[in-house]
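Below are my comments on the structure you sent. They are set out as numbered points.

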Amino acid sequence: MSATDPHARTTADRLAKRVMDLAFVATVAVAFWWLLLAIWLAVRLTSPGPALFAQTRVGQGEKVFTCYKFRTMQVGTPQAGTHEVSPAAITPLGRRLRRWKIDELPQIWNVARGEMSLVGPRPCLPGQSELIAWRRRLGVFACRPGITGLAQVAGVDMSEPEKLARIDARYCASRSLALDLRLAVQTLPVGRLTGGYRKI
């Protein structure tokens with residue numbers, strides 16, 4: 001198989017992406033275990049309920065899996081997209097965790113299991129039928145979902161199903177290690193100060 005063979009490049013890109021994912025998991029687990037523990041304790045101490053929140057999401061190939069996050073809402077909040085939930089349901093600590101994307105860190109477990117990637121379309125809820133239909137139509141479910149993605153960095157959420165699915169499809173068609181690294185950096189607080197990544 002030659003170096004210019006498209007299949008060879010695809011396989012190499014897939015391997016590189018998986019290596020980046022596992023490097024991210026290892027870095028968080030080894031270097032930032034203390035941060036995970038501190039957040040776990042903070043969530044438990046500042047509002048009633050468990051520190052971790054488990055929710056069913058739709059992943060690659062429309063396979064359903066359990067996605068983990070630090071809990072940012074009051075216990076008993078209805079299962080719905082963030083844009084459909086009252087801001088009053090979000091805890092004071094939860095607002096800070098969401099602002100800095102720290103609530104997503106428990107998803108390193110999903111990344112380690114191969115259910116998610118560091119970068120990719122955000123996994124949706126099984127009940128978000130319009131978004132699922134658009135993603136199915138545009139081939140987005142061929143991609144592994146991510147902790148962050150092009151749409152999130154561009155400020156587009158699940159309140160705009162068609163727009164979100166089209167941006168997700170653009171990512172899936174253009175994904176590369178270089179793009180993933182850029183999006184990962186721009187998800188960080190320092191990266192977001194530049195205004196986000198608005199185009200491919």
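1. Helix 3 has a face turned away from its buried side, and that face carries the exposed residues P92, R96 and R99. The buried residues of helix 3, which spans residues 92-99, are G94, L97 and R98. These three cover an arc of only 95 degrees around the axis, so they sit on the same side of helix 3. Helix 2 (33-46) and strand 2 are included in what covers the buried residues of helix 3. Note that this is a predicted model, and the remarks here should be read with that in mind.

2. K101 lies in the loop between helix 3 and helix 4 (108-112). Is K101 buried, partly exposed or exposed? K101 counts as partly exposed because its relative accessibility is 35%, and the limits for that class are 20% and 50%.

3. Confidence should be looked at next. The mean pLDDT of the protein is 89, with 88% of its residues at 70 or more. Over residues 1-7 the pLDDT is below 50, and this stretch has 5 contacts in the model beyond near neighbours in sequence. Residues 191-200 also have pLDDT below 50; for this stretch the model has 25 contacts beyond near neighbours in sequence. Where pLDDT is low, the predicted coordinates should not be read in detail.

4. On the overall layout, the protein has 9 helices and 4 strands. Running from the N terminus, the order of elements is α-α-β-β-α-α-β-α-β-α-α-α-α. Of the 200 residues in the protein, 42% are buried. Taking contacts between residues at least 6 apart in sequence, 66% join residues at least 24 apart.

5. Strand 1 (residues 52-58) pairs with strand 2 (residues 64-70) in the antiparallel sense, over 7 bridges. Within this pairing, T56 stands opposite T66 in strand 2. The hairpin has 5 residues between the strands, and G61 in it takes a positive phi near 65 degrees. E62 is found in the loop between strand 1 and strand 2. E62 has a positive phi of about 60 degrees, although it is not a glycine. E62 counts as partly exposed because its relative accessibility is 31%.

6. Which residues touch the most other members of the largest nonpolar core? That core has 25 residues, and the ones in question are V119, C124, L131, L164, Y171 and L183. At least two residues of this core come from each of strand 3 (117-119), helix 5, helix 6 (150-153), helix 7 and helix 8 (177-187). Helix 7 gives the largest share, 6 residues.

7. L131 touches C124, M158, P161, L164 and A165, leaving aside residues up to four places away in sequence. C124 has a relative accessibility of 0% and therefore counts as buried.

8. C67 has a relative accessibility of 1%, so C67 counts as buried.

9. The last point concerns the cysteines. The structure holds 1 disulfide. C143 and C172 form this disulfide, with their sulfur atoms 2.3 Å apart. C143 lies in the loop between helix 5 (129-138) and strand 4 (146-148), whereas C172 lies in helix 7 (residues 161-174), so the pair ties together parts that are 29 residues apart in sequence. Are the two cysteines buried or exposed? C143 is buried, and C172 is buried as well.

Methods: Residues numbered from 1 in each chain as written. Predicted model: local features only at pLDDT ≥ 70, side-chain atom pairs only at ≥ 80, totals over all residues. Heavy atoms only, no water. pLDDT = per-residue confidence, 0-100. Contact = heavy atoms within 4.5 Å. Pairing = 2+ DSSP bridges. Disulfide = S-S within 2.5 Å. Buried < 20%, exposed > 50% of the residue type's maximum accessible area, 1.4 Å probe, protein only. Core = buried A, V, L, I, M, F, W, Y, C linked by side-chain atoms within 4.5 Å. Arc of directions from axis to C-beta.
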